[in-house]
Amino acid sequence: MTEQMHEIELRVNGVLRTATVPSRRLLSDCLRHDLGLTGTHVGCEHGVCGACTVQIDGRPMRSCLMFAVSARGHEITTVEGLADPDGSMHAVQQAFRECHGLQCGFCTPGFLTVIAAYLRDHPDPTEAEAREAIGGNLCRCTGYQNIVKAVLRAARILNEGTDAPVAEEAPR
Amino acid sequence: MKPPAFRYHSPRSLPEALDTLDAVGHDGKVLAGGQSLIPILNMRLAAPGHLVDINGLTELAYVRTDADGVRVGALARHADVEADADAHRAVSLLRQGLRLVAHPVIRNRGTTVGSLVHADPSGEMTAVLSLLGGSVELARLGGTRRVGAADFFTGPLESCVEPGEMAVSAYFPRLRGRTGTEFIEAARRHGDYAMCGVAAAVTLDDDLRIVSARAAYLSVSPVPLVLDLTETLAGATPDTAHWRAAGELAADRTEPDSDIHATAEYRRHLVRVLTARALRTAAVRGADPAVGGDGQGSDDQGSDDRECGARD
Ligand SMILES: Cc1cc2nc3c(=O)[nH]c(=O)nc-3n(C[C@H](O)[C@H](O)[C@H](O)COP(=O)(O)OP(=O)(O)OC[C@H]3O[C@@H](n4cnc5c(N)ncnc54)[C@H](O)[C@@H]3O)c2cc1C
Ligand code: FES
Ligand code: FES
C-alpha cells in the first residue's frame, strides 16, 4: 500500500502553516519534524507523561494522542506561542524562572501549556488545586514543590501584574 | 513508537460516516477522542486498515437532559459531560464518576461514549451505565438498535458494537425516588486507573428507611458487576445501617484477579471497605432534605476519598 498523504493547513500560534503528512503522523511529530517547532517534547507517546501537551482551541490536549490531519481547522498553541510577540515571557514562564520550576526542562513545555490554560479558568487556585491541576504531568527532576509554587506565583502575577513581590508563595 | 499506516476518512455527516464504516467493514475502526485507540496504535497492539474520524460530526457533540435522564452524543467529551450543570442535577453519578476518569487533559479530548465502547473493566463510565441501567444507541447503514448496559459489555475491552456499526449516543436514566449516589475508588495516584472502584445508589422511603442499595464495581471483574446489597440494609436508616455487613456481602460476591497493580486479596479488601463507604455517603445524600423526591444529591464537595488508600 502506498501511504496516503495529506496536504494540511494548520494554524499554529496564530500563523497558518502547511505540511504534507501521512495519515499516521502524530500531531506531536508534525509540530516537531514538519514544522520545526521543537518546543513540544515527546516522552511516552501514550498520554501518560504530559510533555507533549499543547492547547487546541485553548484547551490543553496531548499532541501524541492526536493525528496531525485531525488538527486541521483548529487553533493550536504550543509553548512557543505563550510568550508575547515582543518576546516578553508569559506569566507562567516568568513564575517558573523565579521559582526554579524546572531543572532539565524536558517536562516544562507540557506544564506551561497546562498551567496557562488552567489559570485562565481558575485565576486564584489554592495549593491543593494547583497540585490537582498539574496531576497529569510527570517531572523526574524537580520533585514538584517548585512547580506548585510557580502555579501560585503565576496566578499572583496574572492578578497583580508583573511587579508583584517575589516573596515565597505561602501555601494556603 | 509510531502508529502503523492506515487510510484516514473524515466524514462530515452521520450518513457519510455510516457509508464509510459499511464500506470498510472489518478493517475499519471509529476514531473518536483517540485517548484509548491512539495509545494502542502507538504501541502497535492493533493495525486497522482504515480509521473513520468522527470528530467532524459536530451534530453529535451534545449533552441533553430531560425529565427522564441524560443523553450523551458520541462526540461529547468527558469534560463537557462533567461540566454540564443540568446533567449533574439529573444524574449526579455522571460527574461523580467522570472526575475520576484520567486527568483533565485526557478528559478534554476523550469521549464518554468512546469509553463505553472501549469497555475497559477499569473504566468508570461502564460502571455508571451499568448501575443506572442505561443503554447505548448503535447505528449502521440502514438501521439502528438500542442495547441495554447488561448486554452491551461482553468481555474485557469488548462491547457488542459490530464492524460497520457506530455508537451514536448513550442514555443515562435518572434514578427515581429519594435516591443518593456516590462514586469512589482507590488508585495509586488520582487519575490513574483504579485498583477498585465503587459506584453506589441508595434509595430511602419517606421515613428515611433504606429500601434499596446497589453498587457497581470497577477493576474487579471482566465486565461491569452490579450487586444488589439491599438485604443487609433494608429498613435501616442512614444512622443505624450496618454498612460493614454490606461491604462483607459485596466482598463475598466478587472474585477479583491479581495483577501487577494489586493482589486479589487486596482488591477484595478494597471492595469491602469502599462499598461500605460509598453506600454510607450515598444514603446520607439521599436523606438530605434538599434532595426531596427525585435526584441523587449534588454535593460537589463529595468525593474526598477518591485518592485514598483503604482505611476504615
Ligand atoms: C493516560 C490515560 C489515562 C486514562 N485513564 C482512564 C481512567 O482512569 N478511566 C477511564 O475510564 N478511562 C481512562 N482513559 C481512557 C479515556 O477515558 C478514553 O477517552 C476512553 O477510554 C476512550 O474514549 P475516546 O473517545 O478517546 O475513544 P477512542 O480512543 O477514539 O476509541 C476507543 C475505542 O472505541 C471505539 N469507539 C470510540 N467511539 C466509538 C463510537 N462512537 N462508535 C463505535 N466505536 C467507537 C474505537 O474504535 C476504539 O476501538 C485514560 C486514557 C489515558 C491516555
Ligand atoms: S508524549 Fe504525549 S503524554 Fe507523553
Ligand atoms: S525538569 Fe526535568 S523532567 Fe521536569
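This is a predicted model: local features need pLDDT of at least 70, side-chain atom pairs count only at pLDDT 80 or more; totals for chains, interfaces and linings use all residues.
1. Basis. Local features need pLDDT of at least 70 and side-chain atom pairs count only at pLDDT 80 or more, while totals for chains, interfaces and linings use all residues; side-chain values use heavy atoms, with hydrogens and water left out. Residues are numbered from 1 along each chain as its sequence is written, and chains are lettered from A and ligands numbered from 1 in the order in which they are written.

2. Helices α2 and α3 of chain A. Helices (H or I, at least four residues) and strands (E, at least two) are DSSP runs, numbered from the N terminus. Helix α2(A) spans residues 91–99 and helix α3(A) residues 108–121; their axes come within 9 Å and cross at roughly 125°. Axes here are lines fitted to C-alpha atoms, for helices over the stretch in contact, and angles run from 0 to 180 degrees between N-to-C directions. That makes α2(A) oblique to α3(A); angles under 35 degrees count as roughly parallel, over 145 as roughly antiparallel, 65 to 115 as roughly perpendicular and the rest as oblique. The crossing is right-handed. A crossing is left-handed if the near helix is turned anticlockwise from the far one by less than a right angle, and right-handed if clockwise. From α2(A), Val92(A), Gln93(A) and Phe96(A) meet a set in α3(A) that includes Phe111(A), Leu112(A) and Ile115(A); contact means heavy atoms within 4.5 Å.

3. Helices α2 and α5 of chain A. α2(A) also packs against α5(A), residues 145–160, at an angle of about 130° with the axes 8 Å apart. This pair is oblique as well, and the crossing is right-handed. Contacting residues of α2(A) include Ala91(A), Ala95(A) and Cys99(A), and those of α5(A) include Ala150(A), Arg153(A) and Ile157(A). Val92(A) and Phe96(A) take part in this contact and in the one with α3(A).

4. Val21(A). This residue lies in strand β2 (residues 15–22) of chain A and is buried, at 0% relative accessible area. Buried means under 20% relative accessible area, exposed over 50%, and partly exposed in between (1.4 Å probe, protein chains only). Leaving aside neighbours within four places in sequence, the contacts of Val21(A) include Met5(A), Ile8(A), Cys30(A) and Val69(A).

5. Cysteines. The whole structure has 0 disulfides over all chains, a disulfide being a pair of cysteine sulfur atoms within 2.5 Å. Cys64(A) is buried at 2% relative accessibility, whereas Cys104(A) is exposed at 57%.

6. Helix α8 of chain B. Gly133(B) follows the helix with a positive phi near 65°.

7. Glu45(A) has phi near 55°, sits in the loop between α1 (27–34) and β3 (53–56) of chain A, and is buried at 7%. Ser219(B) has a positive phi of about 65° in the loop between β13 (210–218) and β14 (225–228) of chain B; Ser219(B) is buried at 11%.
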